[in-house]
Amino acid sequence: MFWADKIAKDAQGEQVVNDSKTPSGRVHVGSVRGVVIHDVIYRALQHGKKPVKFLYGVDDYDALDTVPHYLDRDKFSPYLGQPLCTVPAPEDTASDYAKYFMGEFLEVFDYLGVRPKVYYLRDLYRTGQLNPYIDTFLNNAQTIREVYEQVSKAKRPDNWYPFQVICENCGKIATTSVTDYDGDRVFYTCKPDATDWVEGCGHSGWVSPFDGNGKLPWKVEWVAKWDVLGVTIELAGKDHSQKGGSRDVANAIYRRVLKKKPPFHSPYEFILVNGTKMSSSKGVGSSAKDMAELLPPELLRFLMLRTPPKTVINFAPNYETTTRLFRDYDSSISKYEAWKKAEENTEPTKELMALLYSQIESEVNSYQPFELSTLISLLQIPGLEIEAEIEKRMPALSDRDRQIIQERIAVARKWLSDYADEEEKLVIYWDEIPEGARKLSAEQKTYLQKLSENLATLETWDAQALQTLIFSTTKELSIPPNVAFPAIYQCLLGKERGPKAGGLLSYLEKSFVCDRLNAVVALS
């Protein structure tokens, strides 16, 4: 059973699925994993006819703790330590910093067919919805100190209270420390040495903690959100799910202070880029918006879902990773079609369920696969009108096929423009023999000579016939494909690998291909 369906099957009663994000900068693609995971749980519950709501919170009362490298440091440094919702937006397209960056992320939500009810922490605080929880947690400060020490080994001073005031003098929230509560007001100090990245102003005084004058520490705030929103399911990333970590602290506070059972939880792993965890504030890795502009929505969802949540996704938009993603998706479509045609009363495999949950709508619309790698190559052929050539060689295309091809042409162009390194570009050598072709072995040259002879007599110069001939020639000579195929690519591209050879050759003139193979064979 697919992991989301198992969660849905075990759920009893009305469910509230929740996820959240601190919009500290451009949201990285890694955050999309949590969004899609929670969306799939929501869809699985709907499919299981369970009453369910899907919420997404914007933690915009968190402090601006660094200025992302792509923003003007001089402009935004004065706002360090202030709540994100009080920091000005980088552009006048939004009312504030938090809504600016969250707006970009919400566009990705819509693109991916993810449509939760979005709420902002500023509203929960300023409308007083969290006032009862603030009072409860301040009155139970000793219990919360004990939880921190017992669960996470973090000892808090005896006069520490779980609340941070927005300083009345400087507007910072990251630098304030509350040391007393009289039932109506808290006493706080804006400490100059509170953090190593921003200084407090030194102001102190008594102020009401209610109606948006400050915030709970986020582990305590997490608990308040669960209760006020009725959350029953919320997963968290591996970093928050370690033993003694944030989730354990929040769970313990929920049990000991509010005397309630925490929401269902299961950790999920990170998305890495070349082995590095991405950070939105540091600008490391590709943003969610960037990936949405590169990948069709079903492919971006598929990237998140084909790997189980507890397994790391190591993604980088290089040639090999990107083209393989499209091949894997096409393969899953083919398997789905075969499963449907079998007309057997069998449950779809986990792979097929990942494909089904990757769709924006519930239906899987099949199409004639067309390799992204081939399009990347064709776009680099000077003077080739790619759409006209495809129509000429594939006249039986359906409207759906044309839609997919147009999508993939756009992906190929975007990838070539924004992501391809020079060594990844598959430029066809028209006027000279690539250096790599001059170093082929005698066995590879034997293969090329025989292939050229077979190509000369081939009547149908199309992708399928060419691919069949390329394979049959390896069998005819008993030469392994991993020896033969690189020889073809070296002749034309000067590289060991490339798109499916039959598809590439079908768009080149027969005489050019045969002449090039013969020229390489003739090299001494």
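Analyst: One term is needed at the outset: a residue is called buried when its relative accessible area is under 20%. Please also keep in mind that this is a predicted model.

User: What share of the residues in the protein is buried?

Analyst: The protein has 524 residues. With the cut-off of under 20% relative accessible area, the buried share comes to 55%.

User: How many helices and how many strands does the protein have?

Analyst: The C-alpha trace of the protein spans about 95 × 60 × 40 Å along its principal axes. Its secondary structure comes to 21 helices and 13 strands.

User: Which residues form the covered face of strand 6?

Analyst: Strand 6 comprises residues 186–190. Phe-187 and Thr-189 belong to its uncovered face. The covered face consists of Val-186, Tyr-188 and Cys-190.

User: Which residue in strand 7 is the bridge partner of Tyr-188?

Analyst: Strand 6 is also joined to strand 7, residues 204–207, by four bridges, and these two strands run antiparallel. Tyr-188 lies on the covered face of strand 6. Its bridge partner in strand 7 is Gly-205.

Note on methods:
Residues numbered from 1 in each chain as written. Predicted model: local features only at pLDDT ≥ 70, side-chain atom pairs only at ≥ 80, totals over all residues. Heavy atoms only, no water. Buried < 20%, exposed > 50% of the residue type's maximum accessible area, 1.4 Å probe, protein only. Pairing = 2+ DSSP bridges.
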